Amino acid sequence: MSKDGKSKPQEFQAEVGKLLHMMVHSVYSDRDVFLRELISNASDALDKLRYEAIAKPDLLEQDPKLEITITPDKKAKTLTIADSGVGMSAKELTDNLGTIARSGTQNFVAKAQGKSKDKDAPQLIGQFGVGFYAAFMVAGEVEVFSRKAGAKACNVWRSNGEGTFTVDEAEGQARGTKIVLHLRDDASDYLEAWKIEEVVKTYSDHITHPIMLAGEDGEPKQINSASAIWMQPKGKVKPEQHKEFFGALSHSAEAPALTIHYRAEGKQEYNVLLYVPGDRPFDLYDPERKGKQKLYVKRVFIADDAALLPPYLRFVRGVIDSSDMPLNLSREMLQNNPDVAAIRKAVTNRVLQELKKLGENDSAAFAKVWDVFGPVIKEGLYEDWERRDALFEVARFNTTKRTAITLKDYIGGLKENQTAIYYLTAEDAAKAASSPQLEGYKSRDIEVLLFTDPVDAFWVRTAMGFEGKPFKSVAQGAADLDLIKPIDEKKEETADTPETAALIAAVKQALGTRVSDVRTSKRLTDSACCIINDGQMDRTLEKLLSRQKDSGVSVSAPVLEINPGNGLVKALATAVKTKGASAVEDAAHLLLDQAFVLEGEQVADPASFAKRLDAMMAKAFS
Ligand code: ADP
Ligand code: MG
């Protein structure tokens with residue numbers, strides 16, 4: 001602090017500066033959310049104090065009241081939001097309000113910057129919920145007075161949102177935090193009591209602490225119902241209330257796609273209110289894969305990182321409130337607490353059950369959920385072996401014949417003598433559909449599952465099978481199709497003649513180490529050739545892993561399978577017979593390159609490829 005008692009202005013972290021610029025300059029149609037954000041912070045601060053006071057009751061000082069007070073002042077044009085929560089020290093004011101700690105907000109800035117114009121930022125603000133800084137949507141200057149619970153010093157953080165802020169000592173005040181917004185002229189409607197009440201009703205009614213509106217005259221009055229909606233009987237909660245509560249949890253403006261609300265009774269008693277979002281959360285693929293479920297004990301907030309659901313259900317938001325766990329449960333103890341483990345298990349099963357039910361009863365609603373969250377839920381197929389069968393009842397797949405079917409449906413469509421569940425992994429649906437590897441299966445009317453999510457290539461390797469049938473890749477190992485009759489038997493012409501054998505020898509010689517083997521194919525009926533993998537891994541998986549730096553996996557040399565019934569292959573066989581092996585050298589390389597292209601891969605050596613193709617065309621046209 002300098003001599004005149006004023007501190008030097010400090011610069012915001014760069015991201016905050018950008019964020020503030022967006023707040024101040026973008027016209028966000030739904031500015032009301034600033035109040036939701038400030039109330040939500042106040043409520044968090046009250047929750048924190050209540051939790052800490054279980055171990056240290058002294059923190060409540062003489063004042064056990066935990067509430068939020070909103071005071072409009074028309075003369076001064078200020079709106080003040082005060083809470084009697086934990087408060088912040090001078091350092092916390094600097095750290096919490098001068099930098100962005102939340103990865104969510106950082107993501108927001110990164111994403112908003114990628115947009116070409118500021119006009120795209122508003123939707124993003126709604127989607128991400130940018131917390132405290134939303135205050136600058138309505139205020140030209142913001143003062144945050146705060147006294148930490150248990151401490152004497154009071155400090156004030158001030159900023160006009162233009163790049164710098166100050167933190168100074170302030171006159172003593174009540175415990176907690178008081179945020180004074182100096183409203184801009186265009187935001188003066190937030191000084192009206194009706195407006196404040198309306199906004200609180202819309203966004204913050206569920207806050208479990210009382211929200212008081214201090215009038216110009218008379219006593220403050222409570223303007224939220226402050227009832228924990230998860231404690232109410234299921235039938236009592238209206239869809240709007242769910243939408244409001246879910247909106248506050250997720251910042252989403254959409255209604256939830258699925259609401260799971262029940263009370264568990266028996267050995268353990270707890271209330272559950274969980275939502276599956278109706279739209280894709282921005283952090284769905286955040287590498288931390290953290291769950292978003294809050295743990296309460298008897299309506300006291302305990303933690304929001306208790307991992308109440310497994311990572312593959314991380315997108316499910318909501319609250320679990322235990323009626324009989326001890327309140328003094330420390331956050332560290334949560335990991336190994338047997339009661340928490342039992343709740344975790346039961347609630348996970350319930351969520352999967354509800355998803356299954358939705359799939360059975362409302363396929364359109366389920367399809368939307370599956371479209372967004374299917375790839376995440378499928379992570380459970382290799383992480384949660386215990387629930388693999390339950391997950392298979394939820395999972396939907398596309399096949400060469402049908403869309404959105406379950407594995408049970410697939411089993412129902414097995415051909416006579418079909419002993420395996422056939423699948424093809426590919427990077428997208430278009431590549432899958434055009435795969436030559438499917439030809440032999442199509443000609444036998446065998447349904448093949450099309451796996452186009454990267455996660456599919458992973459789980460299918462560890463899955464033991466389903467209903468006694470193993471999973472088998474149509475692009476890996478030898479095709480075992482002999483037992484199943486083709487629809488049109490004439491098309492099959494896979495006998496190994498001496499000519500074909502000679503061609504194979506010639507192609508092998510030409511390609512050398514580019515391939516691990518060359519052989520005739522059972523899976524092709526039309527195309528000349530295709531590549532497959534013989535080893536442990538499916539080619540799609542090998543490609544996925546080889547892109548990860550430390551996987552130690554590289555893409556192996558494939559097996560080239562050729563189709564002896566194909567006209568070009570026949571012609572090449574004749575050429576080998578009449579002119580010798582060297583006659584097909586260029587053709588062999590071109591065949592292999594073509595097979596790579598069909599797999600969506602690159603030609604290994606484009607220069608040689610072009611030279612060979614030119615030579616071939618020159619021959620054809622001269
Ligand atoms: P978030 O609430 O997601 O953490 P915010 O931008 O809303 O992000 O708030 C940043 C941080 O500032 C909070 O995490 C909290 O530590 C602190 N904070 C904000 N408002 C208050 C308050 N009323 N009382 C105590 N701490 C607060
Ligand atoms: Mg917040």
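**Domain interface, pocket and cavity**

Reader: How much area is buried between domain 1 and domain 2, and what share comes from carbon and sulfur atoms?

Author: About 1700 Å² is buried between domain 1 and domain 2, and carbon and sulfur atoms give 54% of that area. Buried area is the accessible area (1.4 Å probe) that two parts lose on being put together, summed over both. The model is predicted: local features need pLDDT of at least 70 and side-chain atom pairs count only at pLDDT 80 or more, while totals for chains, interfaces and linings use all residues. Residues are numbered from 1 along each chain as written, chains are lettered from A and ligands numbered from 1 in the order written, and side-chain values use heavy atoms, without hydrogens or water.

Reader: Where do the domains run, and how many residues are in contact between domain 1 and domain 2?

Author: Domain 1 spans 16–222, domain 2 spans 229–368 and domain 3 spans 498–621; these bounds come from an automatic or database domain assignment. In domain 1, 20 residues are in contact (heavy atoms within 4.5 Å) with 21 residues of domain 2.

Reader: How many salt bridges cross that interface of domain 1 and domain 2?

Author: The rule finds zero salt bridges there, a salt bridge being a side-chain nitrogen of Lys or Arg within 4 Å of a carboxyl oxygen of Asp or Glu.

Reader: Changing topic: what is the volume of the second largest pocket, and which residues are closest to its centre?

Author: Its volume is about 450 Å³. Of its 19 lining residues, Trp370, Arg396, Phe397, Asn398 and Ala404 are the closest to the centre. On a 1 Å grid over the protein atoms alone, a pocket is an open set of points with protein on both sides within 12 Å along at least five of seven lines, a cavity is a set where a 1.4 Å probe fits but cannot get out, and lining residues have an atom within 4 Å of a point. Points are joined across faces, edges and corners, and a volume is the space filled by probe spheres set on them.

Reader: And how many cavities are there?

Author: There are three cavities of 30 Å³ or more, and the largest cavity holds about 120 Å³ of space. Of the 14 residues that line the largest cavity, Thr425, Ala426, Ser435, Thr540 and Glu599 lie nearest its centre.
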